[in-house]
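Here are my notes on this model, point by point. Have it open while you read.

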Amino acid sequence: MKDIVIRAYRNEDRNYVRKIAWETAFIGEPADIFFTDKEIVADVLTCYFTDYEPETCFVAERKGKVLGYIFGSKDVARFNRMFLLKIFPKILLRFFCRFSFLKKKNFLFIFRFIRSILKGEFLIPSFIKEYPANLHINIEKEFRNLGIGRVLLNSYLKHIQNNRISGVHLATLSEKAKKFFEREGFKLLHEGKRSYFRHILGKDVSFYIYGKRF
């Protein structure tokens, strides 16, 4: 943790966090194993938080360089509404205008993702009432296991509690993240399977939702 500062997100951090989002999008590894368009992936993972609720974002910085971030929304119902009505149409337009759909890797991922939806893999209970906030955390690979995640998480949870939010939840495909959040006192709310990465992993991947109330 030497020389590492945890602070509120600033607009000048945007490119750093988009880069980290791309480099960690596949269960902590780069997204290029399943998709080719960095901008589309970064838009999906970060756009709401950086552009619509930046006051709920924190970053870890070392010597002027952002090493990791924790993003979240204090109101997931608003997050869902804004993503569906404001962000997703822009991403869809960008996807077609950049001809990303012509790339075989992208086309196949979208096909597999839609197939997972049609198989009912995204039919999960809503936890918004008891856990109205959410969070999303990522750290560059070479700076993991240094305690940065815990400090980022504590900064975010303190912010959430100061805003009198009763609970927070998150979703993850990562077994390492699962153990981390269990150590931090999060409770398993839901477990399922996702098949859209089966062609890479050779099996369905477990999907977890964890929550914590205050």
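1. Cysteines to start with: there are zero disulfides here (a disulfide being a pair of cysteine sulfur atoms within 2.5 Å). Cys47 is in none, and the nearest cysteine sulfur, in Cys57, sits 11 Å off. Cys47 counts as buried at 12% relative accessibility, whereas Cys97, at 52%, counts as exposed. The cut-offs are under 20% relative accessible area for buried, over 50% for exposed and partly exposed in between, with a 1.4 Å probe and protein chains only.

2. Some housekeeping. This is a predicted model, with local features needing pLDDT of at least 70 and side-chain atom pairs counting only at pLDDT 80 or more, while totals for chains, interfaces and linings use all residues. Numbering runs from 1 along each chain as its sequence is written, and side-chain values use heavy atoms, leaving out hydrogens and water.

3. The largest nonpolar core has 34 residues, and Val17, Phe34, Phe35, Tyr69, Phe71 and Phe197 touch the most other members. By nonpolar core I mean buried Ala, Val, Leu, Ile, Met, Phe, Trp, Tyr and Cys residues joined through side-chain atoms within 4.5 Å. At least two residues each come from α1 (14–24), α2 (38–52), β3 (65–73), α3 (76–97) and β7 (205–213); α3 gives the largest share, six. Helices (H or I, at least four residues) and strands (E, at least two) are DSSP runs numbered from the N terminus. Another core, of 25 residues, lies apart from this one and includes Val168, Leu170, Phe181 and Phe186.

4. Now look along α3. Its 22 residues reach 29 Å from first C-alpha to last, close to the 32 Å expected at 1.5 Å a residue (1.5 Å times one less than the number of residues). There's a kink of about 45° centred on Phe83, the bend being the angle between axes fitted to the seven residues ending there and the seven starting there.

5. What do the buried residues of α3 pack against? Val76, Phe79, Met82, Ile87, Ile91 and Phe95 are the buried ones, and their partners are α2, β3, α4 (104–118), β4 (133–139) and β5 (167–172). After α3 comes Phe99, with a positive phi near 55°.

6. Finally, check Ser116 in helix α4. Ser116 is buried, at 0% relative accessibility. Beyond four places in sequence, Ser116 touches Glu121, Phe122, Ser195 and Tyr196, contact meaning heavy atoms within 4.5 Å.
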